[in-house]
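This report goes through one structure part by part. Please look at the sequence and the model before reading on.

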Amino acid sequence: MTTSVHTGRIDPPAQQGRGSIDIRGVSKLYRRAGSPPVQALLPVNLSIAPGEFVSLVGPSGCGKTTLLMMLCDLLDPTTGTVLIDGRPVLAADPTVSIAFQKPTLLRWKTVLDNVLLPARIMHKLDEGARRRADELLQITGLNAFKDRYPHELSGGMQQRASIVRALVTDPNVLLMDEPFAALDEFTRDLLNDELLRLWTNRRKTVVFVTHNISEAVYLSDRVVIMAPRPGRVLDVIDIPVPRPRRAEMRDDIEFMQVVRRIRTSLNDSSGPTAGETKQPALVEEQS
Ligand SMILES: Nc1ncnc2c1ncn2[C@@H]1O[C@H](COP(=O)(O)OP(=O)(O)OP(=O)(O)O)[C@@H](O)[C@H]1O
Ligand SMILES: [Mg+2]
C-alpha cells in the first residue's frame, strides 16, 4: 500500500468501494480575531483503502482531532478535499460515524435509547437498526444494561455504549478520537480486543486517534506519525505484525521494534526547533 505525506508525492486514488477515504492536500489554518492564525495542519495527502485500520499518533497539538473533524465535515479544510468513496464528504453522512474521547451519552436516556439515537435522528430507526443495536449490545456485553441510564454504567461500559452508538447506522467509516484514553490500562486492553473483533466481523474503515503507540501498533494496518507546530504528517508506516492480533504479541520482538521505530520518529521531531527547521515561515501556536 502506498502513501504520501505533505512532502509532495501523491498516491493513486484509494481503491473505491465501501469506505475508501482520499485525503487530498487537506490543511487547516485557524484564524482567530485579535490573534495570529494557527497553522494546525500542513497539507496532508493520504489514501485509505476500504476496511483498512489506520491510526494517527503524535503529541498534543499536532492536528489529530483537526484532521478527524475534516474527515466527517464537522470542520472545513482551509485547502484540499476529503473524498469518501470518491465523493466529497458531507456533514451527517450516514456512512461516516465518529466516537469521541468522552462517551457523551444523554443522561436522561437509557443505554438502548442512546445507542439508537443516531438512527432516530437520521430517520432510519427501522428493524435493521434495532437488530444491529441488539447484536452490538450483545457482543459488547451491554445487553443486560440496555434499560439502565448512563450514570449506572462504569467508564468502560459507557465507552462501549458510545462505540455501539457509532456503529448502529452501519457506517462504512468509523472515526475514533482517543476513545479509550480515559480508561485504565486493563479496560483499554479489553476494549482494544473488542474493537478488533468488531472490526474483523464488520470490516469498517477505521481512523483511530491515540497517544498510545503500543495501542496504535496493536490495532492498525498503518500508523500515521504526526508532529506539532505546525501540525504535519511525518511518516506513514505499515505494521508488519500478522493478524489476528493477540495480547501476547505485544511482547514479540517485531512488535517492540515497530513501537521503538515510531517512538524514535516522534522523539526526533519533538526537539525545540524540529518544527521550525522544517517549516520556518509558519506561524507558531500562541499558548
Ligand atoms: N478552534 C480552534 N481555534 C484555534 N486554534 C485551534 C482550534 N482548535 C485547535 N486549534 C489549534 O490547532 C492545533 C491542533 O489542534 P488539535 O486539537 O487538532 O490537536 P490534537 O493533535 O488533537 O491534540 P490533542 O492530542 O491534545 O487532542 C493546536 O495548536 C490547537 O491549539
Ligand atoms: Mg485531539
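## A residue in helix H7

Glu254 is found in helix H7, where helices (H or I, at least four residues) and strands (E, at least two) are DSSP runs, numbered from the N terminus. With 13 C-beta neighbours inside 10 Å, Glu254 counts as partly exposed. On this scale a residue is buried if 20 or more other C-beta atoms lie within 10 Å of its own, exposed if 12 or fewer, and partly exposed in between, with C-beta atoms placed from the backbone.

Leaving aside neighbours within four places in sequence, Glu254 is in contact with Pro240 and Val241; contact means that the C-beta atoms, placed from the backbone, lie within 7 Å. From Glu254 to Pro240 the distance is 7.6 Å, C-alpha to C-alpha, and the two are 14 residues apart in sequence.

## The model and its make-up

This is a predicted model, in which local features need pLDDT of at least 70, side-chain atom pairs count only at pLDDT 80 or more, and totals for chains, interfaces and linings use all residues. Residues are numbered from 1 along each chain as its sequence is written, while chains are lettered from A and ligands numbered from 1 in the order in which they are written.

The protein has eight helices and 10 strands. Of its 287 residues, 41% are buried. Among contacts with a separation of 6 or more, 73% are between residues 24 or more positions apart.

## Around ligand 1

Ligand 1 is surrounded by 13 residues, and the closest are Tyr30, Ala40, Ser60, Thr65 and Thr66. A residue is near the ligand if its C-beta atom, placed from the backbone, lies within 6 Å of it. Strand E1 (21-32), strand E2 (35-48) and helix H1 (64-71) are the elements that give two or more residues to this shell. The largest share, three residues, comes from H1.

The shell has four nonpolar, six polar and three charged residues. In this grouping Ala, Val, Leu, Ile, Met, Phe, Trp, Tyr, Cys and Pro count as nonpolar, Asp, Glu, Lys and Arg as charged, and the others, Gly among them, as polar. H1 itself is mostly covered, with six of its eight residues buried: Lys64, Thr65, Leu67, Leu68, Met70 and Leu71. After H1 comes Asp73, with a positive phi near 65 degrees.

## The nonpolar core

The largest nonpolar core has 67 residues, and Leu71, Val115, Val164, Leu175, Val207, Val224 and Met226 have the most contacts inside it. Such a core is a set of buried Ala, Val, Leu, Ile, Met, Phe, Trp, Tyr and Cys residues joined through C-beta atoms within 7 Å. E2 gives the most to this core, with seven residues.

Beyond its neighbours within four places in sequence, Val115 is in contact with Ala133, Leu137, Ala161, Val164, Arg165 and Val168.

## Helices H2 and H4

Helix H2 (residues 111-121) and helix H4 (residues 155-167) pack with their axes 7 Å apart, at an angle of about 35 degrees. Axes are lines fitted to C-alpha atoms, for helices over the stretch in contact, and angles run from 0 to 180 degrees between N-to-C directions. On the H2 side, Val111, Asn114, Val115, Leu117 and Pro118 meet Ala161, Val164 and Arg165 in H4. These residues divide into six nonpolar, one polar and one charged.

## Backbone points

Most residues other than glycine have a negative phi, and most peptide bonds are trans. His123, which is not a glycine, has a positive phi of about 55 degrees. Its place is in the loop between H2 and helix H3 (127-139), and His123 is exposed, with 8 other C-beta atoms within 10 Å.

Arg229 lies in the loop between E9 and E10 and has a positive phi near 50 degrees. Arg229 counts as buried, with 24 C-beta neighbours inside 10 Å. The peptide bond from Arg229 to Pro230 is cis, with omega near -5 degrees. A cis bond also joins Arg243 to Pro244, with omega near 0 degrees; Pro244 is found in the loop between E10 and helix H7 (253-269).

## Gly19

Which residues are in contact with Gly19, leaving aside its neighbours within four places in sequence? They are Pro50, Gly51, Asp85, Asn172, Val173, Lys204 and Thr205. Gly19 lies in the segment before E1 and is buried, with 23 other C-beta atoms within 10 Å. Although Gly19 and Asn172 are 153 residues apart along the chain, their C-alpha atoms are separated by 4.7 Å.

Methods:
Contact = placed C-beta atoms within 7 Å.
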